Protein chains: 2
Amino acid sequence: MRVLIVEDEKGILNFLKDGLQEENFAVDAAQDGNEGLELALTNDYDIVLLDWMVPGVSGIEICRQIRKQDISVPIIFLTAKDTVKDAVFGLEAGANDYIRKPFEFEELLARIRVQLRENGSEHARLEVGSIHLNLDTHQVFKGETEIKLTQKEFALLEFLIRNKDKVCSRTRIIEHVWDIHFDSDTSVIDVYINFLRKKLDTGDGKNHIGTIRGVGYIAREE
Amino acid sequence: MRVLIVEDEKGILNFLKDGLQEENFAVDAAQDGNEGLELALTNDYDIVLLDWMVPGVSGIEICRQIRKQDISVPIIFLTAKDTVKDAVFGLEAGANDYIRKPFEFEELLARIRVQLRENGSEHARLEVGSIHLNLDTHQVFKGETEIKLTQKEFALLEFLIRNKDKVCSRTRIIEHVWDIHFDSDTSVIDVYINFLRKKLDTGDGKNHIGTIRGVGYIAREE
DNA sequence: TTCATTTTTAAGCGAATTTTAAGAATCCGC
DNA sequence: GCGGATTCTTAAAATTCGCTTAAAAATGAA
């Protein structure tokens with residue numbers, strides 16, 4: 001994943017640079033608007049982080065120019081604490097999200113991930129324990145042997161594994177896997193969890209899909 | 001954590017309600033502006049979600065009234081897809097953030113968490129002494145070892161820790177954790193405090209949950 | 001259309017959670 | 001130290017929630 005950071009405060013810039021490099025991003029950085037715009041237009045980034053206030057071409061202008069060139073790279077604005085209104089203008093200018101300073105690196109990362117996910121890239125190996133799935137071929141393997149899953153079973157498993165070690169609430173599951181965004185009183189999830197557990201059963205009673213009562217389910221190594 | 005939702009579409013309302021309850025929020029809901037305003041002014045919420053377009057008093061008016069009464073609760077607007085400009089008015093009226101419909105529950109939750117964090121408690125990490133909790137995974141740790149808590153136990157602990165070093169009255173606890181808003185003669189709280197103390201016992205007799213006789217309980221480093 | 005497969009609904013069971021209740025222990029003012 | 005009030009502890013009752021199963025409904029291929 002390749003990222004461009006446009007930010008004039010050297011401290012923040014290095015902080016972001018180091019942090020993102022640790023997360024395996026390839027980082028390009030610019031400390032002023034002209035350089036930033038130049039880079040943004042001549043390279044192919046997976047994500048762009050733009051500070052609002054940089055010397056030279058302003059952040060919002062960079063954003064406009066990028067969109068003007070029909071480049072659809074996700075853009076996240078870094079705005080000063082009390083300029084929420086500016087952030088709105090940023091979104092109008094074509095940004096995908098904004099985050100207010102000071103922010104936690106963790107949160108920035110989360111928002112970057114959201115953008116990358118929506119943008120369809122991000123290739124991590126999807127696996128938990130001896131089970132792994134291949135998105136390209138839509139196959140699931142337990143060790144070497146293939147396991148046949150139906151579409152819904154696959155989708156559910158994919159979602160759980162993408163969120164490995166995080167609890168997936170019923171609400172999130174029904175939203176992401178069934179695409180239901182309103183009140184629904186159903187027990188499909190239970191049934192499908194049951195299907196998956198049976199099919200993925202490693203024989204030794206171990207189970208990679210845990211239940212968090214009252215909340216939802218979680219995929220974990222265990 | 002206690003939340004007020006003002007939203008007239010029943011489907012969305014229930015969807016939000018269920019989702020937030022899964023995340024341990026005590027949810028109050030209003031389907032029109034008048035009721036929403038009434039609730040907002042007479043109760044003590046941790047966060048308010050306002051739909052822009054509701055019958056009766058408009059969302060923005062509710063927002064103004066809340067600020068007029070010097071109530072500093074974080075407010076997040078839920079706006080229709082293409083009314084970005086309205087969002088600016090909302091923010092000017094005193095809202096803290098906004099989110100465009102349709103949104104993913106996940107994103108809303110992220111924004112709520114940002115607001116809860118920024119509003120005072122400032123503890124990016126919810127912890128007291130050697131005990132810390134992870135909202136993503138719904139896990140509680142005492143040092144390195146995980147402690148299994150039930151939903152109510154978790155919700156109570158979360159509330160106490162968010163209010164670390166502040167006394168939480170029984171009334172506030174029963175309202176924010178159990179969502180009971182009338183005089184009730186129950187001893188659930190005592191029982192659950194007892195559960196928590198047992199489970200969190202650090203062995204050396206130290207206890208992070210103190211009793212303030214005649215008032216309530218408090219989480220502190222000690 | 002028919003048949004097989006996938007997806008959803010529904011209901012009973014059982015275990016885990018939550019609540020109630022009541023006696024024991026503790027605290028605090030007198 | 002006494003007595004009333006408050007909190008703690010325990011056990012049992014009530015309830016909720018997830019698991020499982022079976023069958024109905026929907027989908028789609030032959």
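Which residues in helix 6 of chain B meet which residues in helix 8 of chain B? From helix 6 come Lys152(B), Glu153(B), Leu156(B), Leu157(B) and Leu160(B), and from helix 8 come Tyr192(B), Ile193(B), Phe195(B), Leu196(B), Lys199(B) and Leu200(B). Contact here means heavy atoms within 4.5 Å.

This is a predicted model, in which local features need pLDDT of at least 70 and side-chain atom pairs count only at pLDDT 80 or more, while totals for chains, interfaces and linings use all residues. Residues are numbered from 1 along each chain as its sequence is written, chains are lettered from A and ligands numbered from 1 in the order in which they are written, and side-chain values use heavy atoms, with hydrogens and water left out.

**Helix packing in chain B**

Two packed helices are described by the angle between their axes and the distance between the axes. Helix 6 (residues 151–162) and helix 8 (residues 188–200) of chain B pack at an angle of about 85°, and their axes are 10 Å apart. Axes are lines fitted to C-alpha atoms, for helices over the stretch in contact, and angles run from 0 to 180 degrees between N-to-C directions. Helix 6 and helix 8 of chain B are therefore roughly perpendicular to each other; that term covers angles of 65 to 115 degrees, with under 35 counted as roughly parallel, over 145 as roughly antiparallel and the rest as oblique. By class, the contact of helix 6 with helix 8 of chain B has eight nonpolar, no polar and three charged residues. Nonpolar covers Ala, Val, Leu, Ile, Met, Phe, Trp, Tyr, Cys and Pro, charged covers Asp, Glu, Lys and Arg, and the others, Gly among them, count as polar.

Helices (H or I, at least four residues) and strands (E, at least two) are DSSP runs, numbered from the N terminus. Chain A has eight helices and twelve strands. Of the 222 residues in chain A, 46% are buried, where buried means under 20% relative accessible area, exposed over 50% and partly exposed in between (1.4 Å probe, protein chains only). Among contacts in chain A between residues at least 6 apart in sequence, 55% join residues at least 24 apart.

**Salt bridges and cysteines**

Side chains of opposite charge can pair when their charged atoms come close. A salt bridge is a side-chain nitrogen of Lys or Arg within 4 Å of a carboxyl oxygen of Asp or Glu, and the count over all chains comes to 20.

| Salt bridge | N to O distance |
|---|---|
| Glu146(A) and Lys148(A) | 3.7 Å |
| Asp28(B) and Arg2(B) | 3.2 Å |
| Arg64(B) and Glu61(B) | 3.6 Å |

The salt bridge between Asp28(B) and Arg2(B) has an N to O distance of 3.2 Å. This pair links distant parts of the chain, with Asp28(B) in strand 2 (residues 26–30) and Arg2(B) in strand 1 (residues 2–6) of chain B, 26 residues apart. Asp28(B) is buried, with a relative accessible area of 9%, and Arg2(B) is buried at 0%.

Arg64(B) and Glu61(B) are three residues apart in helix 3 (residues 59–68) of chain B, so they are separated by about one helical turn. Arg64(B) is partly exposed at 43%, as is Glu61(B) at 29%.

A network of salt bridges links Asp97(A), Arg111(A), Asp97(B) and Arg111(B).

The disulfide count over all chains is zero, a disulfide being a pair of cysteine sulfur atoms within 2.5 Å. Cys63(A) is buried at 0% relative accessibility, and Cys168(B) is buried at 0%.

**Individual residues in chain B**

Phe103(B) lies in the loop between strand 5 (97–100) and helix 5 (105–118) of chain B and is buried, with a relative accessible area of 12%. Leaving aside neighbours within four places in sequence, Phe103(B) is in contact with Glu175(A), Leu16(B), Leu78(B) and Leu108(B). The C-alpha atoms of Phe103(B) and Leu78(B) are separated by 8.9 Å, and the two residues are 25 residues apart along the chain.

Gln115(B) is in helix 5 of chain B and is buried at 2%. Apart from neighbours within four places in sequence, Gln115(B) is in contact with Arg100(A), Ile47(B), Pro74(B), Ile76(B), Asn96(B) and Asp97(B).

Most residues other than glycine have a negative phi. Asn24(B), a residue other than glycine, has a positive phi near 75°; Asn24(B) is in the loop between helix 1 (10–22) and strand 2 of chain B and is buried at 10%. Asp179(B) has a positive phi of about 60° although it is not a glycine. Asp179(B) is in the loop between helix 7 (170–176) and helix 8 of chain B and is partly exposed at 24%.
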